[in-house]
Amino acid sequence: KKMVKLPTPGVTSAAFRPSPSLTCLTGLSAHSQMSRFLLPYLVAFPPAPSNLNYAVPLSPSEYGVLAGVAFTSLFVVGSLASSSNAPKNRRPYAVASGLVTSALVALYPLCGDFRSLAALRSLQGLASSPLNTVGYTYVRDNEGNDQRATSFFSSSVYVGGGLASLAGGLSRGQGL
């Protein structure tokens with residue numbers, strides 16, 4: 001018997017070339033994810049003078065709240081709200097989301113205690129939620145049925161995590 005190769009739905013035989021908009025959106029998402037994942041590289045137990053928790057004393061349980069619950073609590077709420085309230089022209093909305101999320105990291109050193117850091121992390125979660133929602137909606141609406149576009153955009157989570165790891169390692173190596 002001769003085997004018949006069936007086409008894979010949503011995939012063309014041509015090489016995948018992401019659109020400039022998708023490339024920019026994915027880069028912005030990677031930078032936003034880097035900002036999100038940077039916290040673990042700023043904290044150490046016991047803290048050294050270069051660690052965030054040297055200036056702002058944190059217990060391991062407080063750090064756990066900052067790394068998880070503080071960010072995620074408003075991220076979920078914001079994602080649900082932005083999925084139903086996103087404007088028609090979503091790209092400026094996504095750009096603003098990514099820029100605000102990244103800028104909030106610069107405010108970490110200004111926090112003097114756990115409560116202010118927790119509030120800032122919650123705001124960061126809220127600010128980053130539209131980028132995720134808008135990004136996947138953009139892919140669905142503008143990239144056709146090509147699943148490689150979704151894969152390309154979703155890789156931003158891992159690229160951002162890797163960049164955070166690299167930045168954390170480099171900053172420790174430089175004594176920052």
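1. Basis. The model is predicted: local features need pLDDT of at least 70, side-chain atom pairs count only at pLDDT 80 or more, and totals for chains, interfaces and linings use all residues. Residues are numbered from 1 along each chain as its sequence is written, and side-chain values use heavy atoms, with hydrogens and water left out.

2. Fold. The protein has eight helices and zero strands. Along the sequence the pattern reads α-α-α-α-α-α-α-α. Helices (H or I, at least four residues) and strands (E, at least two) are DSSP runs, numbered from the N terminus. Of the 176 residues, 36% are buried. Buried means under 20% relative accessible area, exposed over 50%, and partly exposed in between (1.4 Å probe, protein chains only). Take the contacts between residues at least 6 apart in sequence: 75% of them join residues at least 24 apart. Contact means heavy atoms within 4.5 Å.

3. H5 against H6. Helix H5 (residues 91–105) packs on helix H6 (residues 114–142) at about 150 degrees, with the axes 8 Å apart. That makes H5 roughly antiparallel to H6. Axes are lines fitted to C-alpha atoms, for helices over the stretch in contact, and angles run from 0 to 180 degrees between N-to-C directions. Angles under 35 degrees count as roughly parallel, over 145 as roughly antiparallel, 65 to 115 as roughly perpendicular and the rest as oblique. The crossing is left-handed, meaning that the near helix is turned anticlockwise from the far one by less than a right angle; clockwise is right-handed. Contact residues include Ser-97, Gly-98 and Thr-101 of H5 and Ala-127, Ser-128 and Leu-131 of H6. By class, this contact has 12 nonpolar, six polar and one charged residues. Here Ala, Val, Leu, Ile, Met, Phe, Trp, Tyr, Cys and Pro count as nonpolar, Asp, Glu, Lys and Arg as charged, and the others, Gly among them, as polar.

4. Ser-32. This residue lies in helix H1 (residues 20–37). Ser-32 is buried, with a relative accessible area of 4%. Not counting residues up to four places away in sequence, Ser-32 touches Gly-98, Thr-101, Ser-102, Ser-128 and Leu-131. Gly-98, Thr-101, Ser-128 and Leu-131 also take part in the contact of H5 with H6.

5. H6 against H7. The axes come within 9 Å and cross at roughly 160 degrees. H6 is thus roughly antiparallel to H7. This crossing is right-handed. H6 contributes Leu-131, Asn-132, Gly-135, Tyr-136 and Val-139; H7 contributes Ala-149, Thr-150, Phe-153 and Ser-154. The classes are five nonpolar, four polar and no charged residues.

6. Cis proline. The Phe-45 to Pro-46 peptide bond is cis, with omega near -5 degrees. Pro-46 sits in the loop between helix H2 (39–42) and helix H3 (52–55).

7. Aromatic pairs. There are four. Rings of Phe, Tyr and Trp (its six-membered ring) pair if their centres lie within 6.5 Å; planes under 30 degrees apart count as stacked, over 60 as edge-to-face and the rest as tilted. Phe-45 and Tyr-63 are edge-to-face, 6.2 Å centre to centre, with 70 degrees between the planes. Phe-45 lies in the H2–H3 loop and Tyr-63 in helix H4 (residues 60–85), so the pair ties together parts 18 residues apart in sequence. Phe-45 is partly exposed, at 39% relative accessible area. Tyr-136 and Phe-153 have ring centres 4.9 Å apart and planes at 90 degrees, so this pair is edge-to-face. It links H6 to helix H7 (residues 147–154), across 17 residues. Tyr-136 is partly exposed at 33%, whereas Phe-153 is buried at 1%.
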